Amino acid sequence: MGRPAFEITQKVIEKSEKLAAQGLTLEQIAKVLGICYKTLNEKKKEFCELSDAIKRGQAKGIAQVTNKLYGKALEGDNTAMIFYLKNRDSDNWKDRVSNEHSGPNGGPIETNTFNFIPVSSED
């Protein structure tokens with residue numbers, strides 16, 4: 001006899017949503033539930049309630065953290081402000097500048113290759 005089939009109950013759905021809200025990956029959620037990742041994926045396809053709960057949990061977690069980050073930024077937390085701006089308006093707020101070099105009229109850059117003749121060290 002093998003292991004009993006994993007049942008999707010309301011309790012499993014609620015727990016999955018809570019774990020997803022906390023930021024756990026699908027692999028981690030499966031481990032907490034005592035099943036393998038493959039089983040969780042199969043059950044998500046079979047039970048839309050489970051799939052929806054995980055998506056809802058992920059969205060709730062992101063919303064909670066976003067609201068906290070936004071609140072910290074409004075309170076004047078410099079790190080929060082920088083992080084928020086870099087992620088929400090990256091075209092105007094970024095650390096790196098990308099430079100691209102090209103030759104005349106946007107073409108390739110010409111390079112010269114020199115062939116050196118080795119000098120013998122025979123004396």
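Predicted model: local features only at pLDDT ≥ 70, side-chain atom pairs only at ≥ 80, totals over all residues.
Start with the chain as a whole. It holds five helices and zero strands. Read from the N terminus, the order of elements is α-α-α-α-α. The radius of gyration is 28 Å, while the globule rule gives 14 Å for 123 residues, so the chain is more spread out than a compact globule. Along its principal axes, the C-alpha trace spans about 85 × 55 × 35 Å.

The chain exposes about 10,700 Å². Carbon and sulfur atoms supply 52% of that area. Buried residues make up 20% of the 123 residues.

Where do the nonpolar residues gather? The largest nonpolar core has 14 residues. Ile29, Leu33, Leu40 and Ile54 have the most contacts inside this core. Helices α1 (10-21), α2 (26-33) and α4 each give two or more residues to it. Take Ile29 as an example. Beyond its neighbours within four places in sequence, Ile29 is in contact with Ser16, Leu19, Ala20, Leu24 and Leu40.

Next, turn to the aromatic rings. A search of the whole structure finds one aromatic pair. Tyr70 and Tyr84 form this pair, with 5.8 Å centre to centre and 55° between the planes. Tyr70 sits in helix α4 (residues 48-74) and Tyr84 in helix α5 (residues 78-88), 14 residues apart.

Key: Residues numbered from 1 in each chain as written. Heavy atoms only, no water. Phe/Tyr/Trp six-rings, centres within 6.5 Å; stacked < 30°, edge-to-face > 60°. Helix = DSSP H or I, 4+ residues; strand = E, 2+ residues; numbered from the N terminus. Core = buried A, V, L, I, M, F, W, Y, C linked by side-chain atoms within 4.5 Å. Buried < 20%, exposed > 50% of the residue type's maximum accessible area, 1.4 Å probe, protein only. Contact = heavy atoms within 4.5 Å. Rg over C-alpha atoms; globule rule 2.2 N^0.38 Å. Areas by Shrake-Rupley, 256 points an atom, 1.4 Å probe, with all protein chains shown as cover.
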